[in-house]
Amino acid sequence: GRFKIKILKAVGIGTNSLKAGTTGKAYKGTLKATGGKKPYTWSLVSGSLPTGLTLNSSTGAITGVPTQLGTFDLTFRVSDSVGARVQSLLPLTIN
């Protein structure tokens, strides 16, 4: 028999930066994954999101109405369905 081998590009994070948000205003930022095998699972492994924002672990969307000022150093991790994972530090500023 012939074997078909599918070469997967390693999973990566395609988002280089998160746009700044404003307190009291609806925010939407999206983390994008590249390569790997879907579905992806997102998690926050270091730091904490500003109060009012949440991360959707399946879509990578960061949404909500932030109520906290400052710059937050957030390390996100994305895992693909075969268990490969990568993480990236992305600061988020809320004005």
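1. Two strands count as paired if DSSP finds at least two bridges between them. Strands themselves are DSSP runs of E with at least two residues, numbered from the N terminus. On that basis, β2, β6 and β5 form an open sheet of three strands, in the order β2-β6-β5, with antiparallel pairing. The edges are β2 (27-30) and β5 (53-55); each has a single partner strand, so one side of each is left without a neighbour in the sheet. Neighbouring strands here are turned by 15 degrees against each other on average, direction ignored. The axes behind such angles are lines fitted to C-alpha atoms, and angles run from 0 to 180 degrees between N-to-C directions.

2. A note on provenance. This is a predicted model: local features need pLDDT of at least 70, side-chain atom pairs count only at pLDDT 80 or more, and totals for chains, interfaces and linings use all residues. Residues are numbered from 1 along each chain as its sequence is written, and side-chain values use heavy atoms, with hydrogens and water left out.

3. Within the β2-β6-β5 sheet, four bridges join β2 to β6 (residues 61-64) in the antiparallel sense. Tyr27 has Gly64 as its bridge partner in β6.

4. Tyr27 also takes part in a side-chain arrangement. The charged end of Lys19 sits over the Tyr27 ring, 5.5 Å from its centre. The criterion is NZ of Lys or CZ of Arg within 6 Å of the ring centre and within 35 degrees of the ring normal.

5. A second open sheet has three strands, in the order β4-β7-β8, and its pairing is antiparallel. Its edge strands are β4 (41-46) and β8 (85-94), each pairing on one side only. The twist from one strand to the next averages 35 degrees.

6. How many bridges join β7 to β8? Ten, with β7 spanning residues 70-79 and the two strands running antiparallel.

7. Gly14 lies in the loop between β1 (12-13) and β2. Leaving out residues up to four places away in sequence, Gly14 touches Lys32, Ala33 and Thr34 (contact: heavy atoms within 4.5 Å). Val45 is 31 residues from Gly14 along the chain, and their C-alpha atoms are separated by 17 Å.
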